[in-house]
Amino acid sequence: MTRQISRRSMVKAAGIGIGIGATATAFATPAGAADAPLTHPGLLHTRADLGRMAAKVKAGARPYAAGFAKLTANRHAQSGWRPNPQAIVYRGSGTPENYRILYNDIHAAYQNALRFHVSGEEAHADTAVAILNAWSGKLTRLEGSADRFLAAGLYGYQFANAAELVRGHGDFDLGRAQELMRNVFHPLSDDFLTRHNNAVVTNYWPNWDLTAIACVLATGIFCDERAVVERAVEYFKHGDGMGSVRHAIPVVHEGGLGEWVEAGRDQGHALLGVGLMGTVCEMAWNQGIDLYGYDDSRFLKGAQYVAKWSLGGDVPYTANTRRKGAIGGWSGSETASDVAGVDPTMTRPIWAMIANHYTKRRGLPASYLTRAAAKAAPEGGGGDYGPNSGGFDQLGFGTLAFTRDRVEEPVGGPSPSSGGSRDAGGVRPHASASPAVGGDLAATGSGDAAGWAAAAGIGAVAGGLLLLRKRDRGRRGAAE
């Protein structure tokens, strides 16, 4: 992709899907589906979400202000961050591992991009763009042990989320970033869902599938490939691996707790799995697909189970035996007979997003989720939970990003509409169809994107995008 195409993509940044049929070499889109545009920004954050954050922080509202302070204090969120792109990234034993460079840079890109949308400080947008462009211009493949699939899934969905926040920036090479998603991250994740590293399908615990689902879904949205989105949604609902919702939550107990199968393994991986499933549900929701409510809100029951257990509560567990081994090779089995021990002080930035969806969007009771979210608040992000990879598995900052004031959907869930899921749970109308106007935005200042947008009577994020477009036109001058 040329820089000219990247810049031309800015005119689509206000929420219209960008057609890439001319450049798509890896995907085929079903007839009819290509005409239904995807929403941008539309991964973990919509235009309305970003506008809410900016307005609340400018007004000094709690807990948003505390969440933003957590962001600005993180060393990754500083505009002085310099990327260190690698041509090949390795993850796994027996390889010259360098994947920590990748995840630190991605989190720096995401945090700077998010900080820009809240504060309007353009230096942070420029930093995010510089990081993402550096990696899309150099990274060619992921290698290593089976852990390369984890690298593809985790850092693929995270790269797409960071890039989605700056897709309207005049200097961002959107086409090259899309090619990186298609050619480096997505192939490994899609292949894992198909072949599971040539292992029997239950060899890998749920979080392996969920990293792959998250990457495939993020790729489909970021690259405007509805067929790829549908592939991820279908696997979430009906996939053979342990990460599909009925395999990850195989038993729903009387009283409404859904047994999270990986609770029989350990607490850290169970938290990872719940966080990833929540990420998948949120990204789908922002495209009008309700996985949160699928199968009678099965994910709510599983998340409540893990929240209660992680808080030190007693939960039931049904003995689970899974087959292990390679296809045509070794074979064995492993039985988890009870929940693993927990450390009630262990936390990850996963709860605010899930708790706010069920309690504020839907008005459903979720006491364990609410308690877990309150305990974790204000949620940080990569760099706040230790230097190792587990502390970078979620993008975080949920207190800032996902806190909501009121019920936004009927208690019974969103009303079905055409063009999305036809299964239980229906389809949610796009929340990002209209930018936030008036109200909280009136409290913002006029020295940045949010304040400028308020004065103009448009959403903060739309204002930020227009400022970026205006600045880009000035940079190009008579060249265009």
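Predicted model: local features only at pLDDT ≥ 70, side-chain atom pairs only at ≥ 80, totals over all residues.

The points below go from the whole chain to single residues.

1. The protein chain is assigned 17 helices and six strands.

2. **Burial and surface.** The chain has 480 residues, and 59% of them count as buried. Its accessible surface comes to about 17,400 Å². Carbon and sulfur atoms hold 50% of that area.

3. **Contacts along the sequence.** Take the contacts with a separation of 6 or more. Residues 24 or more positions apart account for 74% of them.

4. **First cis peptide on the list.** The bond from histidine 40 to proline 41 is cis, and its omega is near -10 degrees. Proline 41 sits in a loop. That loop runs between α1 (3–8) and α2 (47–58).

5. **A further cis peptide.** The bond from arginine 62 to proline 63 is cis too, with omega near 0 degrees. Where does proline 63 lie? It is in the loop between α2 and α3, and α3 covers residues 64–73.

6. **Asparagine 198.** Please check the backbone here. Phi is positive, about 60 degrees, although asparagine 198 is not a glycine. The residue belongs to the loop between α7 (174–195) and α8 (206–222). Is asparagine 198 buried, exposed or partly exposed? Its relative accessibility is 47%, so asparagine 198 counts as partly exposed. The band for that class lies between 20% and 50%.

7. **Helix α12.** This helix spans residues 294–310, which makes 17 residues. From first C-alpha to last it reaches 24 Å. That is close to the 24 Å expected at 1.5 Å a residue. α12 is mostly covered, with 16 of its 17 residues buried.

8. **Serine 297.** This residue is found in α12. Which side of the burial cut-off does serine 297 fall on? Relative accessibility is 12%, and buried means under 20%, so serine 297 counts as buried. Please inspect the backbone at this position as well.

9. **After α12.** Glycine 312 comes just after the helix. Glycine 312 takes a positive phi of about 100 degrees.

10. **Points to revisit.** For peptide geometry, look at the cis bonds into proline 41 and proline 63.

How values were computed. Residues numbered from 1 in each chain as written. Heavy atoms only, no water. Helix = DSSP H or I, 4+ residues; strand = E, 2+ residues; numbered from the N terminus. Expected span 1.5 Å × (residues − 1). Buried < 20%, exposed > 50% of the residue type's maximum accessible area, 1.4 Å probe, protein only. Contact = heavy atoms within 4.5 Å. Areas by Shrake-Rupley, 256 points an atom, 1.4 Å probe, with all protein chains shown as cover.
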